Amino acid sequence: MKTKLLFMLLLCSFYCVSCSDDVKTDVKEKTEVEVNYVKLNEALNLYSQDFAATHATSTSTRGFWKWFRTVLACDATGALLGSSLGGGGALIGGAIFSALGASCAYVVPRPELPNEVAFVRDIPCLMEQEDSIGFSHNAILLEIAEENEGIFDQNLTAEEWTNLIVPKAEKYGYSLSASDEDAIMNNVKTMPLTSELMQSDEQLISYYKAKAPEYAQQLDVIHSYVSTASLITNEDNLKEYTQGCVQIISDAQLPLTERKALVSSVVVAESSAILWIEPEEVVSLKP
């Protein structure tokens, strides 16, 4: 009996030590990830400062440009939340968030589609479906706008936008299971957008962090990118800036899945910038 009791005590002690070691390992890994996100944001901020110092950018912080940053943040966040479901999730999530954000601000998309907007294919470790997400994102929203005049004024629900976007995504080779569509819809429903939220990118990012705190670090990266990308008025410069950000993210000491999600988010946001504004074009919002 004593031998059996001793054995049980030793077994319990081993189990407790093992669990303690697992907890310590998890805490250590989490801390390392947090530190690497800090380093990533520092690298992105330094690159952004150097880029802005040598390239033309808008100095406006009001009106369209202020709204513009929030639309890009919507796109990138939608892509981030959907990226766990693969390329189709990133594309559809980004398009839905983009459409909802644009509807809140009553803006009309530009009437032409760029021939090529993504360059993830140049990053070896991230070469997969993401190389066409940017183009498909723009094509889907543009086609919907052309087929449904004034649709961004109609205050469509998330479900209505999903019903329009999903068939278009399938046309471009991206599809989701019914359960994956439900997962994206759940994200959308827990983060309803309003015109008030669309007035400030800082406010919008804070709102998203409160709604999805597990993505707080990734949202900081998105905000870092959007803050500079939204001020670049030349399309070639925007592509150059985005490619630099993609390279920095690809080189970060983060899990591959997280780097891919961030790259997808940045590419979708860059594509959104090309879709919604044209260099030297005067864009005005409806009252």
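Here are some worked exercises on the predicted model shown above.

**Exercise 1: Get the overall picture**

Find out how many helices and strands the protein chain has, and how much of the chain is buried.

Solution. 
- Step 1: Start with the helices and strands. The protein chain has 10 helices and 0 strands.
- Step 2: Walk along the sequence, and you read the pattern α-α-α-α-α-α-α-α-α-α.
- Step 3: Now look at burial. The protein chain has 287 residues, and 48% of them count as buried.

**Exercise 2: Follow H5 to its partners**

Work out at what angles helix H5 crosses H4 and H6, and which residues make each contact.

Solution. 
- Step 1: Find the first pair. H4 covers residues 133–147 and H5 covers residues 158–171; their axes come within 10 Å and cross at roughly 125°.
- Step 2: Angles over 145 degrees would count as roughly antiparallel, and 65 to 115 as roughly perpendicular. The angle of H4 and H5 therefore makes them oblique to each other.
- Step 3: Check the hand. H4 passes H5 in a right-handed crossing.
- Step 4: List who touches whom. From H4 come Ile140, Glu143, Ile144 and Glu147, while H5 brings in Trp161, Leu164, Ile165, Lys168, Ala169 and Lys171.
- Step 5: Sort them by class. The contact of H4 with H5 has 6 nonpolar and 4 charged residues, and no polar ones.
- Step 6: Move on to the second pair. H6 spans residues 178–190, and the axes of H5 and H6 come within 11 Å and cross at roughly 140°. So H5 is oblique to H6.
- Step 7: H5 passes H6 in a right-handed crossing.
- Step 8: List the residues again. H5 uses Ala158, Glu159, Thr162 and Val166, and they meet Glu181, Met185, Val188 and Lys189 of H6.
- Step 9: By class, the contact of H5 with H6 comes out at 4 nonpolar, 1 polar and 3 charged residues.

**Exercise 3: Take a look at H8**

Describe the span of helix H8, say how many of its residues are buried, and work out how H7 packs against H8.

Solution. 
- Step 1: Take the span. H8 runs over residues 216–229, which is 14 residues, and reaches 20 Å from its first C-alpha to its last. That's close to the 20 Å expected at 1.5 Å a residue.
- Step 2: Count the buried residues. In H8, 10 of the 14 residues are buried, so the helix is largely enclosed by the rest of the structure.
- Step 3: Name some of them. The buried residues of H8 include Gln218, Val221, Ile222, Tyr225 and Ala229.
- Step 4: Bring in the neighbour. H7 (residues 201–211) packs with H8 at an angle of about 165°, and their axes are 10 Å apart. Anything over 145 degrees counts as roughly antiparallel, so that's what H7 is to H8.
- Step 5: Check the hand. H7 passes H8 in a right-handed crossing.
- Step 6: Sort them by class. The contact of H7 with H8 has 4 nonpolar, 2 polar and 4 charged residues.

**Exercise 4: Zoom in on single residues**

Decide whether isoleucine 249, asparagine 237 and glycine 87 are buried or exposed, and find what lies around them.

Solution. 
- Step 1: Begin with isoleucine 249, which sits in helix H9. Its relative accessible area is 0%, so isoleucine 249 is buried.
- Step 2: Look past the neighbours within four places in sequence. Isoleucine 249 then contacts Leu40, Val221, Arg259, Leu262, Val263 and Val266.
- Step 3: Buried means under 20% relative accessible area, so asparagine 237, at 17%, is buried.
- Step 4: Beyond four places in sequence, asparagine 237 is in contact with Phe51, His55, Ala56 and Ile232.
- Step 5: End with glycine 87, found in helix H3 (residues 87–105). With 7% relative accessibility, glycine 87 counts as buried.
- Step 6: Compare sequence and space. Glycine 87 and serine 175 are 88 residues apart in sequence, and 8.9 Å apart from C-alpha to C-alpha.

Conventions
Residues are numbered from 1 along each chain as its sequence is written. This is a predicted model: local features need pLDDT of at least 70, side-chain atom pairs count only at pLDDT 80 or more; totals for chains, interfaces and linings use all residues. Side-chain values use heavy atoms; hydrogens and water are left out. Axes are lines fitted to C-alpha atoms, for helices over the stretch in contact, and angles run from 0 to 180 degrees between N-to-C directions. Helices (H or I, at least four residues) and strands (E, at least two) are DSSP runs, numbered from the N terminus. Angles under 35 degrees count as roughly parallel, over 145 as roughly antiparallel, 65 to 115 as roughly perpendicular and the rest as oblique. A crossing is left-handed if the near helix is turned anticlockwise from the far one by less than a right angle, and right-handed if clockwise. Contact means heavy atoms within 4.5 Å. Ala, Val, Leu, Ile, Met, Phe, Trp, Tyr, Cys and Pro count as nonpolar, Asp, Glu, Lys and Arg as charged, and the others, Gly among them, as polar. The expected span of a helix is 1.5 Å times one less than its number of residues. Buried means under 20% relative accessible area, exposed over 50%, partly exposed in between (1.4 Å probe, protein chains only).
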